[in-house]
Structures are given as structure tokens and as C-alpha cells.
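We will go from stop to stop, with a note on what to select at each one.

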Amino acid sequence: MRILRSPNWIKDYDRIKSNFLRLCVLRVCQQSEKHLDKISNVDEFVRRVFSVIHSNDPIARALTLRTLGAVAGMIPERHQVHHSIRRSLDSHDAVEVEAAIYAAMQFASQSKTFAVSMCNKISDMIQGQVTPAPMKLQLIPILQYMHHDTSTAALVRQLCMDLLPTYPAQDFVLVTLKTLTQLAAATLVDIPSQVALLLKYLRCDPRWEVKAQTLKSLHQLASQGGHLWPAGAVEAIVDVASNTETQKVLSLSLGVIQVLTESPVTCHSQQEPQSSVRKLCIRSCYSPNLVIAAQAIQVLTRILCYCYKENLPVHDANKVVSALEALILQLVHCDNTRHVYQLKLCLRCAVSLCEAHSAHCTVFVEQLEFHLVNGDGLFNTTLCEALGAISSVQPQTLIPFFPDFLRKLKDLSALASPSASDIQTKVMMCTVMFQTLSIYEWTPEIANAIYTVILRNNLWANYRIARSAARYGHHKISYSIFSGLTEQVSSEHLHFWLVSLKELSEAEAQLLNIAASKNSLVQALNQAIVHYNKAVAALKAASTPTHNLQFQAEYIRLRTEYLQCLVQLVHTSDSLCTVPPPAIASTIVQASRDELQRYGYVTNQLRKCTKDLKSCGELYWKLYQSVFDADPATLENIQILQQMCSLLEQSVDRICVAGSSIRNIPVEFGTFGVRLESQQLIRSCQNATLIAQSMTEDARQSGITHKDMECLLKQVEVLARASLCVPRYFFQVLQSTSVKLAISPQPRVAGEFISVQPGSQLAVKVEGVIQHGKRPGLFRTVNGIIITVTSQLQPTAKSNIDVKQPKDNCSVLTQTVNPHRDFFTAQFLLAFPQGGQYALAVEAALVDERDNTWRTGPKSTLTVKVPEETEKKSSTTPPVATASSI
């Protein structure tokens, strides 16, 4: 164990005399698969490990083979290793042969050359009479990786097909069918023939294990190439499922059909009520086995949703809805939570039907509300989630049931010692009410019910209620809750976080109280700006090294900038009456050839407002690019706020710039398909667009008029009154992705410079690692890293020396690298044409799977100093960038 603890344990590998220590090294290699790429000298590593292959000890040779197999991803094309594996397959020692089979499996999955070259050898061993049957079972799975060319894949497939009748034992059939399925999934061209083979065994082989493996293989082929299935395959599965007496076979068959209905091809072929799939599912949806009933309902739901979306004739929709209602009723009244998954599956089906056809919302809301109010509380949280999903589709369907909601909330609030489930139910019910009332006015009864819940609730539940209120634009409620929570926390950072939320809610509450007068508008905007500035200050105090709250602070700061632009626009509209044009206005018009200068001060101020609004919109775009981990609703929110700036900018630009007009809005302001929390902002943009388009062409040609100013004020009032729904990413990060960089060389002392001799070049190596949270790739994944190195010559203080500076003192090198197991590296060669001090900046940007670039950082800086030569020498060496892939 001393060798493993030493930093140079690889150098001592060939001197290890104990097989136990070799086994420990093997375990290290197997468990450190992601970190093996960091080995700097791969050749030395292979040489020392491979030297043991010539040992007389077969156990040592076996451990060496397994070690080489564990690092196959790092050395896939080492021919000497390939030869050793081939030679060890002919060994008379069983342990060594098993190790060679393991290594052959690992190298075949990594190397095309090895897989093709070993095809004949593996085939001969499988077909040979000398090879024992257990060893053949280990050799057959290697064939699944021999798909790199059509001839080899056809040869391997024919070999496996010949094995099936030769070796009819259960173990051989299971392994061979699984190998053939993996091979067909990789080549795709053999999927039809493989599906036919699996269906043959499904119908003819009576063994349960074979049927189960066959259905699992069909499930895999359905998920990877359902559109490639031959005609009649679905009917064959339905025929097996209809005639079987085994519930497990029926369940697995429905699972295959369930995957197939994800493809529009299957849904289109099964849309008729007399189709075999629909007949089977109609019979199965009333099965006493709740798992089978839930699978059948999901298949029927997908077919119906496809018909609704494609505007096809819909048949027997009422039967499906009735069956779904009956199944939900049966699942809700179960005495245990064994079928919670099936209940969630049925509720998802209900939500999908409501999204596809909104007429179903009332039916499902009525049923779910009845179970929520009158049930025993076992599934209340799940029912509330479903109601919230339906409410986001059609909020008005919940309004008639609000009296029952309020009565249920009152009963839960009256409990002396509520359980965790009761508290969760109260929070979820409040959230559903916030969703429903996002486009409606509050009544005193509803407000009193919410305040009663808050008074008799724990602090964490109150925070969650306030967070939901802020997310759906009910800032008066959130302000009252956050005000009571600011002094109820023990941490100073949490205190300032709650203070910032309180100030944010108070600022938005001020905007909701805007009256019809201009003074009220200016006063509300000014008060909101004051509270937003306090929120920014509180966020700075709440930031910690682990939680810097950068997005939250920037989001609030941009909101403040936007409101300041609105205030400035209101004051500018007043200046048309309060600041008359100067006496020399005609002279200025003639000199500048700008007819709008005739109106004097107001023209320049309107143009300044245009620049400010454009700058605010660009800052929103930069914020959009910096949130790689944000959920789609947050990105939609930022995009709408950016378009609000663009809309107002175009309206002002039309007035103060000659010949301009309302351009096409980049984003269509339609509410169809828009998330509920964004609909208020969308409606305000629609109203503002109508006001802007109401200006006639005659008014455009008449210069800056009072009517134009009134239209601008109406737009400002409409956009200011729009309640801001705080996005989810402001409170909660569901996906976490961070990049860490290591740059070499580094100065010996932190903060000092790196010295480079004149006329020489500096090689910069950038290494990095991508770190993920609990749910990597939830919204988007990292497909590449853009490394940008900027070298900028800093100006010197020697202003009395006349030195001709080059026109471009800045060089920018960019390189895109692909991460390998979350590691990446890039190399740059920088030239410094003259002496002086250079600022070196290295910045990383992420590229997602859709080739979108996200400017997330990080950014590191270095200082490079090049001594100045007495004789000036011109260097024509251009900057060169070289790439190194891991």
C-alpha cells in the first residue's frame, strides 16, 4: 500500500512483486476512469504496466490484462496490447483467458481497428469445439461492437443467427438475442430483420425469461428506431398481448407500444377506433392491475393528443376521458402509496389532454378539486401539482371552485399541530390560487384566507408562499410576508437577502398603484427606483463567496435602469411645453440640415432617451447570454424585458428621427403557448404596440406634436403598470454548471508580472474542468468551450518620448475545444512585437448542443512585461494559435 500512497506509484509498478498490490492498482484504474486522461506521460505508463505481461505468473498476466483493459479509452490503438490480448486468448490458464476476454471487450468498444481484426478470432473461438460453453457466453457479447463496417456487421450477424439453432439453451438464447439487438441498434439497417426475429421468439418460445428478454429488446429498438419497424410488427405485439394469460407479458408488451406511440408514425396508423392498439388499450384500461391500466391510458392519451395537434378527426375521446377519470378515482382511494407513480402518470395524461384540447380542463379540474377538498390528504400535494399545471393552461377554470378552496384552507389553518403534508398542501394551494389570480382582481375573502394561512404557518412555509406570490406578480402579498421574515433569521446574509426581496416587492407594489395622472406616474416610478436601489445594496451585503448573487443583482439593476429610462421619457415629454425652442432654431436647422432641430431641447432629449433604451436592451441581451443554467421560463422573461426596451426605443425613434417608422417587432407578442407568468408582460407589450401603431402617417410627417407625447406617455404608463413576475432562476437554480481554469505559466508571486525576453514568444496553456450540480444537462449541455486570449499593450507614463506606436496594440486569439470527460485544454503562442507591459486576459465561453454561445466566464488576467530594447526592432511574427485535444 506504500506504493499506492506515493505520488510516483506508476513508476514502481513493474517492481511490484505482490499480486494483491497489482489488484489494488487495477481497482484504482477502474475507479479513476475520468481522471486517467490527466496522466502526462502515457508512453511511460504503458511501458511499465505492459512489461509485466511477460511474467511467468499467469495471475500477474491476468491482472495486467485487466489493468490495460481498464485504461482502454486512453490507449485504444496500441498494437502491442492488441497482440497480447490475442495471444492470451489462446492461453491454457482459465484466469488469463477470462482477463483477455475482459480486455477484448473494453478495447473492442474503443477501437475500430481492434474490433475488425478480432472478428475472425472471436468467431473461431465461439464456433470451436474446444472452447467451453461458459467461455462462449463471455465471448458472444464482444460481437456487439463489431459494427464499424457493413461486411463485418453482416458476418457477425450471420454468426449469431447460426448460433441460435445450434445452442438452444436458455442462457445462449438470451445472450445471443441481446447481442443481436445491440448490433442492430448500432447499425440501424438491421432493425427490421431483428424485430422480425424477436417477434418469432416472442410467439414461439414458451420460456418466460426468453419472452422477457425479447420484449426488453423490442423496447430498446422501439426507442432508438421505432419508425424503422416493419409493417405488421405492432399488430404482432398486440396479438401476443391479447392472447397471453400472463400479466407480466401484457405489461411489457404495453411498455413497448407505449414507446412506439412516441413516434407520430405509430399514432397516425392507430388513430382509427377499430385499430388493434386502441382495442387492446380500451380493454386494458379497466384492468384490476393498476400498472397495466395506467400504461393503456397513456397510450390512448398520446394517440388523442396527436389527433388534436394535427387537426385530425378525434374518435371516442369521451371514452378515454371517462376511463382516465375512473382510474384516477381508483388510484386516489388506494390505502397505500404503492401506486403513486401510476397516479402521477395518469395526472400527466390529464394535463396533456388539457393542453391539447382546453375543453377537457373543466372536467378534470372538477374531479381533482373534489378529491383535494374531500380526500383524506394522502395525495393532496400531487393533486395540487396537477391543478397548478392545468391552471397554467386555462386559469379561469378554477374560479368557480374558489369557495371550496377557501374552506379547505380554513380547515387546514385551524389545525393545532398540522403535519408536514398539511403544510405542504397549504403552500401548494396558495400557489394554485396565485396562478389563477395572476390575471384577475383579488377579493377581500381570498386575501383574508391567505393572511390567515400566513399567521398560522411556520417561517419556511411562509417564505415559500411569498416566493410563489412574487413569481406570479402578487407583490403586495409577498411584501407583507417578506417584511415579517427579515428579522426571523439568524444569518446576516439571509437577513439582507430577505431585505432585498422585501424592497423588490415594495417597488413593484408601488408601480401597481399608478393612477391616471402624470404626477402619480412620476411619483410611483421614483419611489420604485428608490426601493430598487435599496434592493441592490441589500443584495451586495447578502453576497458570499459561495453565493455571489450576480444574476439577482444584475437583474434588479437592469430593472432600475429601465425605470429610470421611463422617468426620463416622462420628463422629456413635459419639456415640449416647458422648454421652448431657442431663437436660433432656424439657423441650427439650416446648419445641421435636421428639420427636427426646430423643436429645440426636446429633440436632443428624445434622442438621448433612445440611446438609453437601446443600451438597456443590450444589457438585457448580455444578461441573457450569461445565464447558461437558467430555465426556459427565465430566458423567456429576460427576452420579453429586452423587447419592451426595443419597442419603446422604436416608438421614440419614430418621433425624433426623420423617416423612421415602427419596424417589425423581433418577437411576436402573442399569448398562445406563452407561460402563465409571462402573459402579463406580453399583454402590456401588445397594448403598447397598438398605441404605437395608432399614430397615423399624417402625424409622422407633422413633426413632434403633443399627440405624439401623449402616445408616449400612454405607452410608458402601460409598460410601467405591467406586473413583473420574478423568474424562477432568481430564487432557485435547478441546473448548475461552472468552469474552472488553470493557466500556465504563472508568476512566482501572486500579483507580479511574467517576464518575457524581447523577440521571443510566450506559450500559454489553458486547462479547465467543467463542474456540474445534481442534475447535469437538465436544460442544456456543454458541447464545446471557446477560449479567448486577449493581449493588450498598456500605455506608459513616458509621454515626453516620441515613440511611434502601432495602430493595433491588441491581439485576440480564439480557439474552440471539445471537452472530454469534462476536461479540456488549449494552447496559444503569443508574440509581443515591442517592449512594454501587456495585459493578458483569458476568458471562457460555453457552447451548447444547439451551437449557441453563452458568455459565462470565468475570466482570468495576467501581466506580461517585455523589456524595451535600446534599438528598435520590428517583429513581423504573427500570433499563432495551436490546439491540443485531450
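**Stop 1: two helices at an angle**

Start by selecting helix α15 (residues 247-260) and helix α17 (residues 276-284), which pack at an angle of about 130° with their axes 12 Å apart. Helices here are DSSP runs of H or I with at least four residues, strands are E runs of at least two, and both are numbered from the N terminus. The axes are lines fitted to C-alpha atoms, for helices over the stretch in contact, and the angles run from 0 to 180 degrees between N-to-C directions.

Before moving on, a word on the model: it is predicted, so local features need pLDDT of at least 70 and side-chain atom pairs count only at pLDDT 80 or more, while totals for chains, interfaces and linings use all residues. Residues are numbered from 1 along each chain as its sequence is written, and side-chain values use heavy atoms, with hydrogens and water left out.

Given their angle, α15 and α17 are therefore oblique to each other. The scale is this: under 35 degrees is roughly parallel, over 145 roughly antiparallel, 65 to 115 roughly perpendicular, and the rest oblique. α15 passes α17 in a left-handed crossing, meaning that the near helix is turned anticlockwise from the far one by less than a right angle; clockwise would be right-handed.

Now show side chains. Leu250, Leu254 and Ile257 in α15 meet Val277, Leu280, Cys281 and Ser284 in α17, where contact means heavy atoms within 4.5 Å. These contact residues divide into six nonpolar, one polar and no charged. Ala, Val, Leu, Ile, Met, Phe, Trp, Tyr, Cys and Pro count as nonpolar, Asp, Glu, Lys and Arg as charged, and the others, Gly among them, as polar.

Stay on α15 and pick Val249, which lies in this helix. Is Val249 buried or exposed? At 3% relative accessibility, Val249 counts as buried; the cut-offs are under 20% relative accessible area for buried, over 50% for exposed, and partly exposed in between (1.4 Å probe, protein chains only). Leaving aside its neighbours within four places in sequence, Val249 is in contact with Trp208, Lys211, Leu215, Val240 and Thr244.

**Stop 2: α18, α19 and the loop between them**

Next, select α18 (290-309) and α19 (317-332), with Asp316 in the loop between them. The axes of these two helices come within 10 Å and cross at roughly 145°, and α18 passes α19 in a left-handed crossing. Among the α18 residues that meet α19 are Leu290, Ile297 and Tyr308, while the α19 side includes Ala317, Leu324 and Gln330. The contact divides into 13 nonpolar residues, one polar and no charged.

Zoom in on Asp316. Its phi is near 60°, a positive value in a residue other than glycine. Most residues other than glycine have a negative phi. At 32% relative accessibility, Asp316 counts as partly exposed.

**Stop 3: α21 against α22**

Select helix α21 (residues 361-374) and helix α22 (residues 380-393), which pack at about 155° with axes 10 Å apart. α21 and α22 are therefore roughly antiparallel to each other. The residues of their contact divide into 11 nonpolar, two polar and one charged. On the α21 side look for Phe364 and Glu369, among others, and on the α22 side for partners including Asn380 and Ile390.

**Stop 4: a glutamine in α36**

Go to Gln715 in helix α36 (residues 706-721). At 0% relative accessibility, Gln715 counts as buried. Beyond its neighbours within four places in sequence, Gln715 is in contact with Leu648, Ser651, Ala688, Ile691 and Ala692.

**Stop 5: loops between strands**

Finally, select Pro745, in the loop between β1 (737-744) and β2 (754-755). The peptide bond from Ser744 to Pro745 is cis, with omega near 5°. Pro858, in the loop between β8 (853-854) and β9 (859-866), is joined to Gly857 by a cis peptide bond with omega about 5°. Most peptide bonds are trans.

Between β5 (810-817) and β6 (823-831) you will find Asp822 in the loop, with a positive phi near 70°. Asp822 is partly exposed, with a relative accessible area of 21%.

**Zooming out**

Buried residues make up 51% of its 886 residues.
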